[in-house]
Amino acid sequence: GGEKISKSKGALAEPRDVANTLTEASGCDFEVAIDALRYFLLREMPFGLDGSFSEEAVIGRFNNDLANDLGNLLNRSHSLTSRLFEGKVPDGRGYESPIRQSTAATLEEYAAQLGDFQFMQSLQTIWRLLSEANKWFNDSAPWKAAPEEAAGILYSTLEVVRVVSVALSPFMPVACAKLLEQLGGGALRGGEAALWSRDTAWGGLEPGTALGEATPLFPRIDAKTAKAVLSRGREESKREKAPMSEQSTPETPAAAQPSGAAPETGLISIDDFKKVQLRTATVLSAEPVPGANKLLKLTVDLGDEDRSLVAGIAETYAPGDLVGKTVVIVANLQPATIRGVVSQGMILAADLGGKAVFLTPEREVPPGAKVR
């Protein structure tokens, strides 16, 4: 919630409590909630560095990534297969789909990132594939295609879910095992545990395999329910740790402070703060600044224009990791020339032991959105 972890202040997050919150709010299994929390931590926080945590952010990832992207792809393809092919995997192994090539390329990139302990980036890579698969499924519209075409589309979609479930097993072992069960256990080869080297090859689903029972693993949490559950969980801790700064004493009540008193050193007025324009931006490209070890030149989309920025982040981020990332910038900063490159703004970042880590929104926002 923006505070440093502190036992004395109560700024702690107990994993079991967070999982219970997810279970209560969504109705998912407790073990699946634990997997969802593990996914959040590895997706949101750079491995080896500090990160920001809030239960609202966990719920956001649960809804957007797990319920919408992964769960929805399985639910739609499973439901349509049940309706069109009596709940059995259609024979579509010979169907040439663009998603098949994308899956192979994604797995190669994913494996390399895992080998470098780039867990956040590896999960981003898998979710790019899921986003592409969802779009391809929608555009292909198997519900109105000819039977042979529908068989190929559904087989390819179910196969993407299967491969992704195997790939994600190290992150979400319980949830992925349940996903594979809904595919009829076709990836488990007689009940064996999924194996990366064997079970990510395309074509693992056997045509004619009866799909398992369709059960939503990640039921979407609506905003009203989330708010109610979180409010109940925080009410007691809020009463226990009212900060001293919010309490008035008989000797120096807040209302008794002289109106003309000089402000405390380092404080600024609200009028000064209002002068700073903070906006979100999407990174379009990134490249090293010649002759500088710590500097990268970024081109960002600010919604209504593209800008170039220079940031001292080369020790934390590789240029290829930044494209597509949403950042927050000071948009009305006077331009400056750094190592011959014009910088038209400043990116907000946290200083973690001399390394800069971007401050990013907890959910997707369009470029140019005002930060307030």
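Reader: How much space lies in the second largest pocket?

Author: Please note at the outset that this is a predicted model. As a general idea, rolling a probe the size of a water molecule over the atoms shows where empty space is left. In this structure, the second largest pocket holds about 300 Å³ of space.

Reader: Which residues lie nearest the centre of the second largest pocket?

Author: They are Pro46, Phe47, Leu49, Gln121 and Thr316, from a lining of 15 residues. Helix α5 (residues 119-140) supplies the largest share of that lining, namely three residues. Sorted by class, the lining has six nonpolar, four polar and five charged residues.

Reader: How many aromatic pairs does a search of the whole structure find?

Author: The search finds nine. One of the pairs consists of phenylalanine 40 and phenylalanine 53, whose ring centres are 5.7 Å apart with 80° between the planes. Since planes over 60 degrees apart count as edge-to-face, that label applies to this pair. Phenylalanine 40 belongs to helix α2 (residues 30-44), while phenylalanine 53 is in the loop between α2 and α3 (55-84), 13 residues away.

Reader: What are the distance and angle in the aromatic pair of phenylalanine 62 and phenylalanine 218?

Author: The two rings are 6.0 Å apart, centre to centre, with 80° between the planes, and the pair is edge-to-face. Phenylalanine 62 lies in helix α3 and phenylalanine 218 in the loop between α8 (196-199) and α9 (223-240), so the pair ties together parts 156 residues apart in sequence. Both phenylalanine 62 and phenylalanine 218 are buried. Elsewhere, ring pairs join Phe47, Phe117, Phe119 and Phe171 into a cluster.

Reader: Which residues of the largest nonpolar core touch the most other members?

Author: The general idea is that, in soluble globular proteins, nonpolar side chains tend to be buried together. Here the largest nonpolar core has 61 residues, and Leu70, Trp127, Leu168, Met172 and Phe218 touch the most other members. Among the elements that give two or more residues to this core are α1 (15-26), α4 (98-115), α6 (147-167) and α7 (173-182).

Reader: Which residues does methionine 172 touch, not counting residues up to four places away in sequence?

Author: On that count, methionine 172 touches Asp35, Arg38, Tyr39, Leu66 and Leu70. There is also a second, separate core of 19 residues, including Val283, Ile347, Val357 and Phe358.

Methods: Residues numbered from 1 in each chain as written. Predicted model: local features only at pLDDT ≥ 70, side-chain atom pairs only at ≥ 80, totals over all residues. Heavy atoms only, no water. 1 Å grid on protein atoms, 1.4 Å probe; cavity = no way out; pocket = protein on both sides within 12 Å on 5 of 7 lines; lining within 4 Å. Points joined across faces, edges and corners; volume = space filled by probe spheres on them. Helix = DSSP H or I, 4+ residues; strand = E, 2+ residues; numbered from the N terminus. Nonpolar A, V, L, I, M, F, W, Y, C, P; charged D, E, K, R; others polar. Phe/Tyr/Trp six-rings, centres within 6.5 Å; stacked < 30°, edge-to-face > 60°. Buried < 20%, exposed > 50% of the residue type's maximum accessible area, 1.4 Å probe, protein only. Core = buried A, V, L, I, M, F, W, Y, C linked by side-chain atoms within 4.5 Å. Contact = heavy atoms within 4.5 Å.
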